[in-house]
Amino acid sequence: MEYVECAFLFPSSRRLYVAVPHDMLMPVPAGKTLAEAAAMPEAYCTAYLNLFHEGNAKAGDTLLMHAGASGLASVVIPMAKAFGLRVITTVRGKDAADAIAPLGAVIVVDTTATDIRDVLKEQLALGTPISVCIDCLGGENMGSCLPYLAHGARWIMIAALAGTLTEIDLKNIYVRNVRIIGSTLRSRTPAFKADLIAELVKNVWPMVEAGKLPSSIHGIYPITEADAAQQIMQRGGHRGKLVLRVR
């Protein structure tokens, strides 16, 4: 069975002890429940890592976030907007497009009806090309999107759910200074993760506490229903994180 990382919520009525390096701890943001806080660290660290460390994103950039209905996108899109980025995202199906409308992406592309490459061509022609892409899909079409990015754009691969193979015009890469970056959070050193957490708490937690950034939870399940939660993850279509409650 595919491994899925879940958040665990412990009730305050029981005293449980866990050994954790002190620099891996994050405070619960003011105004957030323990369930909301439990769903935040992995998604928020991944979003911040890829937007600002790998993507070097800055206000005024245009971000392409694939898989807009995913739990990660539910953090990346509002985080990018809070820092002044313009966001385009992709989904599959009108229902998914309608569901993520409140996240505020300027363009939501239903890829069952519209070719994302046509959208990228249009954005390039309009003078608002993609500066940063966070891509968890990959697949055959990935390489054919690269000619329509901004000069010096960063295309960050964090997974390959749509396939691991594509064809890339290498001349386009070096002429346009496009960078293809592979990125995972789990492979980072403990020291890097500790610094990332400290930076996140300093720069992003105030936005969370001010209500500018969400904590998106699809559902909270008793740990005895972990298999059911796993099946939800495998089927897809959920919105936000799944939290397991340890009773």
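A residue is called buried when its relative accessible area is under 20%, exposed when over 50%, and partly exposed in between (1.4 Å probe, protein chains only). The model is predicted, so local features need pLDDT of at least 70 and side-chain atom pairs count only at pLDDT 80 or more, while totals for chains, interfaces and linings use all residues. Residues are numbered from 1 along each chain as its sequence is written, and side-chain values use heavy atoms, with hydrogens and water left out.

View 1. Helices (H or I, at least four residues) and strands (E, at least two) are DSSP runs, numbered from the N terminus. Helix α3 is largely enclosed by the rest of the structure because 8 of its 10 residues are buried. These are Ala73, Ser74, Val75, Val76, Ile77, Pro78, Met79 and Ala80. Their cover, judged by contact (heavy atoms within 4.5 Å), includes α2, β2 (62–65), β3 (86–91) and β5 (130–135). Just after α3, Gly84 has a positive phi of about 90°.

**View 2. Aromatic rings around Tyr48 and Phe52.** Rings of Phe, Tyr and Trp (its six-membered ring) pair if their centres lie within 6.5 Å; planes under 30 degrees apart are stacked, over 60 edge-to-face, and the rest tilted. This rule gives 3 aromatic pairs. In one of them, which is tilted, Tyr48 and Phe52 lie 5.0 Å centre to centre, with 55° between the planes. The two residues are 4 apart in helix α2 (residues 41–54), and therefore separated by about one helical turn. Both Tyr48 and Phe52 are buried. Ring pairs join Tyr48, Phe52 and Phe83 into a cluster.
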